[in-house]
Amino acid sequence: MGFLKSLIGHLHADPNRDNAPMQGPAGSSNGSASNVSPSQVGLVGLSGTTTICKEEIARFAGQHQLAENGYLEIEGKMQREPANTYDPSAIAVFAEGYKIGYLPGYIARALQLPPESSRTLRIQFFTVVLQQGLRCEAWAWIGSGGPQWAWSKEHRPPMSSKEKRHARFEATESMLRSQTQESPERAAEIRQGTANGIHCLCSIGC
């Protein structure tokens, strides 16, 4: 069952979906503060776009007339919030003065960004109108060189809950198919978790 446990751990290691993982040394951070240069980070999915920053996002989107299938790439800035009562190491992300999200905590704690200082970055927005209202997902490019986005205006990320479940299902199936080809032993382990042609991992979060 060691292999299955490692797969489950992999699925839960990225609870926020479409947020792209940090690239570079920060990915292996042990939680120590300020040991990673911003140029080493790369692509980051912002948190808080559908919760704490939802109202600011809505105002920003309205200013740019972003609604159904909205898309925008713009320059913004990231800034530490040492007075943040929930997390003094938090790094907020702003676009045209609107607070539109936060860097994930594990990145904020590792990033070299002095208190009350800021740094420019590129931000990518996607919006869609769901039954619950406007939803926005955003990514930031903090690395050196031009942005290397995972999504584009033509190749949009999953936005609705249904789309996200489908994307997780397909990603899990692809991972399982790849693992079954590694060795007969791996294939046998995967078959142990399969019922009616569907592996148990494919039902996690779906």
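This is a predicted model: local features need pLDDT of at least 70, side-chain atom pairs count only at pLDDT 80 or more; totals for chains, interfaces and linings use all residues.
View 1. Starting at the N terminus, you can follow the elements in the order α-β-α-β-β-β-α-β-β-α-α-β-β.

**View 2. The open sheet.** Here 6 strands come together in an open sheet, and the pairing is antiparallel. Reading across the sheet, the order is E1-E6-E5-E2-E3-E4. Strand E1 (43-45) and strand E4 (98-102) are found at the edges; each has a single partner strand, so one side of each is left without a neighbour in the sheet. On average, neighbouring strands of this sheet are turned by 35 degrees against each other, direction ignored.

**View 3. Strands E3 and E4 side by side.** Let us look at one pair from the sheet. Strand E3, made of residues 91-95, pairs with E4 in the antiparallel sense, over 4 bridges. In this view, Phe94 can be found opposite Lys99 in E4.

**View 4. Helix H2 on the sheet.** Residues 54-63 form helix H2, which packs on the sheet. This helix touches strand E2 (70-80), E3, E4, strand E5 (118-130) and strand E6 (133-141). The direction of H2 makes about 125 degrees with that of E4.

View 5. Of the 206 residues in the protein chain, 40% are buried. The protein chain exposes about 11,300 Å², and carbon and sulfur atoms supply 51% of this area. Now turn to contacts between residues at least 6 apart in sequence: 68% of them join residues at least 24 apart.

Notes:
Residues are numbered from 1 along each chain as its sequence is written. Side-chain values use heavy atoms; hydrogens and water are left out. Two strands pair if DSSP finds at least two bridges between them. Helices (H or I, at least four residues) and strands (E, at least two) are DSSP runs, numbered from the N terminus. Axes are lines fitted to C-alpha atoms, for helices over the stretch in contact, and angles run from 0 to 180 degrees between N-to-C directions. Contact means heavy atoms within 4.5 Å. Buried means under 20% relative accessible area, exposed over 50%, partly exposed in between (1.4 Å probe, protein chains only). Accessible areas come from the Shrake-Rupley method with a 1.4 Å probe; for residues, only the protein chains shown count as cover.
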